[in-house]
Amino acid sequence: MAQYQHLPIYKQTYDILLRTMSATKDFPREYKYTLGQKIKDELIELVVMIYRANSATDKARHIESIVERVQAIQLMLRLSHDMKILSRRHYAALSEMTDSLAKQAQGWLRSSGKGEDRTGLGCHDLWGLTRRAYSSRMAAVSMPMNASRL
């Protein structure tokens, strides 16, 4: 069994935690101790879950929980950005990092032998589709009326 500190997924999660600590210190007081703290708590729990999954004999069950936790973190980061309490710079970096984390978790789940994809898309792809739809909607909203008819 590999040491969990050497796992790429552990390193990525730890880097996200460090970046989040920096990003949430600028949250308004109203959100710093609610949403900001919840994101940090979820990331700390994710680090613990990675350790547990690495040392467990039934890894798939633990890794499925990791995938779910990553989705929850992505949702909270997006909410923070949409509420304009997380800067675009931090959101872009954290979004990219969590996408990579989701891919790693899905790969780990597949390699554990139980990661059968029921949708054919996977967790990461579904989130990517949602984000692309959101980006398209935002582009359409910011487009002048005459340009949308072209």
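Colleague: At roughly what angle do the axes of helix H1 and helix H4 cross?
Modeller: Bear in mind that this is a predicted model. Take H1 as residues 8-24 and H4 as residues 88-111. Their axes come within 10 Å, and the crossing angle is roughly 160°.

Colleague: So is H1 roughly parallel or antiparallel to H4?
Modeller: An angle over 145 degrees counts as roughly antiparallel. The H1 and H4 axes cross at roughly 160°, so H1 is, relative to H4, roughly antiparallel.

Colleague: How far apart are the end C-alpha atoms of H4, and what span should its residues give?
Modeller: H4 has 24 residues, and the estimate uses 1.5 Å a residue. That should give a span of 34 Å, which agrees with the distance between the end C-alpha atoms, also 34 Å.

Colleague: Which residue has a positive phi although it is not a glycine?
Modeller: Look in the loop between helix H3 (59-82) and H4. The phi there is about 65°, and the residue is Lys-84.

Colleague: Is Lys-84 buried or exposed?
Modeller: The cut-off for exposed is over 50% relative accessible area. Lys-84 has 73% relative accessibility, so it counts as exposed.

Colleague: What follows H4, with a positive phi?
Modeller: The phi is near 95° in this case. The residue that follows H4 is Gly-113.

How values were computed:
Residues numbered from 1 in each chain as written. Predicted model: local features only at pLDDT ≥ 70, side-chain atom pairs only at ≥ 80, totals over all residues. Heavy atoms only, no water. Axes fitted to C-alpha atoms, helices over the stretch in contact; angles between N-to-C directions. Helix = DSSP H or I, 4+ residues; strand = E, 2+ residues; numbered from the N terminus. Parallel < 35°, antiparallel > 145°, perpendicular 65-115°, else oblique. Buried < 20%, exposed > 50% of the residue type's maximum accessible area, 1.4 Å probe, protein only. Expected span 1.5 Å × (residues − 1).
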